[in-house]
Amino acid sequence: MNHYITLAIKTIFTDNMILAYFLGMCSFLACSKQIKTATGLAMATTFISTMTVPMNWLLKAYVLKKGALAWAGLPGLDLSYLSFILFIATIAALNQITEMIVDRFAPALYATVGIFLPLITANCAVLGATFFMDQRDYTFGESLVFGFSSGAGWGLAIITLAALRKKLWYSNPPAPLKGLGITMMTTGFMAMAFMAFAGIAF
Amino acid sequence: MSLFGKKERLIVIDGLWNKNPISFLVMGICSALAVTVKMQTALIMALGTTFVLSFGCMAVALIRNYIPSNIRIIVQILVVSVLVIMVDQVLRAFFFDLSKQISVFIGLIITNTLVLGRTEGYAMNNPPWPSFLDGLGNALGYSSFLLMISALREIFGSGTFFGFPVVPHFFYQAGYINNSIMVLAPGAFFLLGALVCIHRMITGHREEH
């Protein structure tokens with residue numbers, strides 16, 4: 001159990017998807033102007049990431065890995081070169097299905113969170129979490145924890161930045177620095193603050 | 001229609017400088033910054049993105065009249081992922097050690113919003129050759145930012161350039177220390193902010209909050 005808690009804390013704080021690996025920058029910058037938008041996107045991303053990483057783990061273990069198709073009588077097959085295309089297909093399909101289900105059964109939720117679902121297909125943080133799961137050879141349990149905490153870490157960062165940008169509204173930086181420039185610098189300071197969590201373990 | 005007329009040159013220069021994708025469109029910063037600690041990885045990443053973006057735009061432009069509009073995003077993602085798989089397989093075959101380090105980030109070119117932005121915004125409505133040039137120009141503008149950040153990070157962070165030491169030995173003897181913030185993630189954020197600021201000072205592009 002301690003192992004999973006350590007993994008979660010490491011993924012949320014020290015190895016944060018944005019602040020350590022720069023993944024998901026585009027929606028991070030575009031949707032952090034208002035806290036309400038940022039919260040909706042953060043919740044949607046966490047949900048999709050928690051679902052897709054274990055699903056892609058199953059896909060990898062039973063279809064793509066070398067010898068994974070032994071259950072179908074094809075032990076010599078190695079389909080790992082198809083992993084990029086199948087991982088993104090899983091994410092796109094899951095997004096579409098979730099959007100339809102939410103729209104059908106929970107219209108109120110759809111109005112707040114559902115509109116962000118199409119954005120998440122092109123969110124590097126979600127696909128990146130799958131790739132890291134693949135590269136680091138996580139077990140199924142680890143991939144479940146990793147999927148949730150990478151999404152939660154991303155969400156935490158975007159909500160924090162949205163709060164900071166609200167304060168920046170009253171500042172008066174030099175004109176060329178306005179917008180992207182000052183936001184990037186603020187993110188840099190946030191990244192420095194998050195580095196202080198390094199080394200926490202249970 | 002000439003191959004390199006005035007109009008065609010303008011398409012490339014727009015992407016490279018006037019409407020630089022990073023500073024002007026704020027796109028595609030995601031997957032690339034992570035590989036800018038060293039010049040070598042940044043150069044490979046820049047070449048990979050250039051290949052995928054220019055040929056991806058051309059391929060989408062070639063089939064643009066046959067793509068049903070309600071599934072066009074999925075089709076574009078699939079075209080792009082095929083090209084990305086090609087880049088990844090070539091790297092695995094010829095630069096195996098390097099590929100182990102950056103395979104994740106090569107894969108993330110698929111969700112680079114710059115690629116989708118150009119295929120959706122330009123290649124879907126234009127013939128193949130201008131689309132190719134548009135992709136090439138944008139990729140070069142993007143790569144130039146990437147390589148500048150990478151050069152600064154490697155020189156000031158590790159004192160090397162492409163792995164060769166460039167900071168003279170007597171600097172270190174006089175008490176010079178490599179700036180370790182450049183190797184870490186915040187260095188990239190600060191440098192990108194500063195470069196965007198300089199680019200906007202020169203071009204005069206402004207943004208409200």
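This is a predicted model: local features need pLDDT of at least 70, side-chain atom pairs count only at pLDDT 80 or more; totals for chains, interfaces and linings use all residues.
Helices, meaning DSSP runs of H or I with at least four residues, and strands, meaning runs of E with at least two, are numbered here from the N terminus.

Residues are numbered from 1 along each chain as its sequence is written, chains are lettered from A and ligands numbered from 1 in the order in which they are written, and side-chain values use heavy atoms, with hydrogens and water left out.

I begin with helix α8 of chain B, residues 185-203. What follows α8(B)? The residue is B:Gly204, and its phi is positive, near 80 degrees. Buried means under 20% relative accessible area, exposed means over 50%, and partly exposed lies in between, with a 1.4 Å probe and protein chains only.

Let us turn to chain B as a whole. Chain B contains 8 helices and 2 strands, and along the sequence they follow the pattern α-α-α-α-α-α-β-β-α-α. Its radius of gyration is 19 Å, close to the 17 Å that the globule rule gives for 209 residues, so chain B is as compact as a globular protein of that length. The radius is taken over C-alpha atoms, and the rule is 2.2 Å times the number of residues to the power 0.38. Of the 209 residues, 51% count as buried.

Chain A has 9 helices and 0 strands. Its C-alpha atoms fill a box of roughly 65 × 45 × 35 Å along the principal axes. Among the 202 residues of chain A, 52% count as buried.

Is A:Thr52 buried or exposed? A:Thr52 counts as buried because its relative accessibility is 0%. It lies in helix α3 of chain A, residues 35-64. Leaving aside residues up to four places away in sequence, A:Thr52 touches A:Ile91, A:Leu94, A:Val126 and A:Thr130, where contact means heavy atoms within 4.5 Å.

Thank you for your attention.
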